[in-house]
Amino acid sequence: MRTLGVLGGTFDPVHHGHLRLAIECREVLGLDEVRLLPARLPNLRDEPGATAAERLAMLEAAVEGTGLTVDARELAGSGITYTVETLQALRHEAPRTSICFILGQDAFNGLPRWHRWQELLGHAHLVVATRPGYAPPQDEALQELMARAEIQEAAALKSRPCGNILLQSIPLLPISATDLRARVRGGRSLAALTPPAVAEYIEQHRLYR
Ligand code: ATP
């Protein structure tokens, strides 16, 4: 079965932590394609520091040469688009593709705050990038979902189009967009934290000051 990985996020701005996560998943899980999916309005957080168009421009520069792609559909509409709706749309477009929604452990632990989160597995698998020494979520409903849907073998992601959760240990780089924005405010360098084209874009457009 064809496999599509989707990494959602605010990407405000995109950094090497995001890119490595997507690339590690592609290689470890043997995914055919991995798309970065920027959210329009992050409803669970503050207004982003860059506009949707700026975040998209930085993403497009960042994926150059990586083989990753950018799916800008959530930026096209107006107002909030929920992940569950986007996954539903992807599912309709590719009924026989295994869709793997990739998220970091921090994002996964906050899943019960997402709109219609219980329906996500009806459209996609969830691949949770964990660090060694991973502490499982405390939330009972999330524990229940894991008891029902967790699989141990990545190979199973290719035998079904959706419905499972895989905890995948992936070395996560200690980089966050919050830290990058703070560095810009502090007049510090972003070199080696994000691709040069992204650092240049931030500089040229005077973002995050
Ligand atoms: P912020 O610091 O503004 O909260 P962020 O750097 O965490 O941003 P997001 O756009 O919120 O970036 O994250 C998108 C996805 O990427 C989430 O699933 C998150 O867990 C994951 N992620 C973020 N940073 C890293 C990293 N350094 N390594 C691996 N995954 C990451």
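## Ground rules

The model is predicted, so local features need pLDDT of at least 70 and side-chain atom pairs count only at pLDDT 80 or more, while totals for chains, interfaces and linings use all residues. Residues are numbered from 1 along each chain as its sequence is written, and side-chain values use heavy atoms, with hydrogens and water left out.

## Cysteines without partners

How many disulfides does the structure hold? The count is zero. A disulfide here is a pair of cysteine sulfur atoms within 2.5 Å. The closest cysteine sulfur to that of Cys25 belongs to Cys100. The gap is 8.6 Å, which is too far for a bond. Cys162 is in no disulfide either. Its nearest cysteine sulfur is again in Cys100, 10 Å away.

Are Cys25 and Cys162 buried or exposed? Buried means under 20% relative accessible area, exposed means over 50%, and partly exposed lies in between (1.4 Å probe, protein chains only). Cys25 has 0% relative accessibility and counts as buried. Cys162 is buried too, at 18%.

## Helix α2

Helices are DSSP runs of H or I with at least four residues, strands are runs of E with at least two, and both are numbered from the N terminus. Helix α2 covers residues 52–63 and has twelve residues. From its first C-alpha to its last, α2 reaches 17 Å. That is close to the expected 16 Å. The expected span is 1.5 Å times one less than the number of residues. After α2 comes Gly65, with a positive phi near 80 degrees.

Which residues of α2 are buried? They are Glu54, Arg55, Leu56, Met58, Leu59, Ala62 and Val63.

## Salt bridges

Side chains of opposite charge can pair when their charged atoms come close. A salt bridge here is a side-chain nitrogen of Lys or Arg within 4 Å of a carboxyl oxygen of Asp or Glu. The structure holds nine salt bridges. One of them joins Asp12 and Arg181, with the closest N and O atoms 3.9 Å apart. Asp12 lies in the loop between β1 (3–9) and α1, and Arg181 lies in helix α7 (residues 177–185), so the pair ties together parts that are 169 residues apart in sequence. Both Asp12 and Arg181 are buried.

Glu24 forms a salt bridge with Arg20, and here the closest N and O atoms are 3.1 Å apart. The two residues are four apart in helix α1, so about one helical turn separates them. Glu24 is buried at 18% relative accessibility. Arg20 is partly exposed at 32%. Arg35 forms a salt bridge with Asp71, at 2.9 Å between the closest N and O atoms. Arg35 lies in strand β2 and Asp71 in the loop between β3 and α3, so this pair ties together parts 36 residues apart in sequence. Arg35 and Asp71 also belong to a network. Salt bridges with shared partners join them to Arg2, Glu33, Arg73 and Glu93. Arg35 is buried at 17% relative accessibility, and Asp71 is buried at 9%.

## The second largest pocket

A pocket is an open set of points on a 1 Å grid over the protein atoms alone, where a 1.4 Å probe fits and protein lies on both sides within 12 Å along at least five of seven lines; lining residues have an atom within 4 Å of a point. Grid points are joined across faces, edges and corners, and a volume is the space filled by probe spheres set on the points.

The second largest pocket has a volume of about 160 Å³. Its lining includes Val184, Gly187, Arg188, Ser189 and Leu190. Ala191, Ala199, Ile202, Glu203 and Arg209 line the pocket as well. Helix α8 gives the most to this lining, with three residues.

Thr86 is found in helix α4 (residues 83–93). It is buried, with a relative accessible area of 3%. Contact means heavy atoms within 4.5 Å. Leaving aside neighbours within four places in sequence, Thr86 is in contact with Leu37, Arg73, Glu74 and Thr81.

Leu142 is found in helix α6 (residues 140–149). Leu142 is buried at 0% relative accessibility. Leaving aside neighbours within four places in sequence, its contacts are Phe108, Asn109, Leu111, Pro112, Trp117 and Pro137. Leu142 and Leu111 are 31 residues apart along the chain, and 7.7 Å separates their C-alpha atoms.
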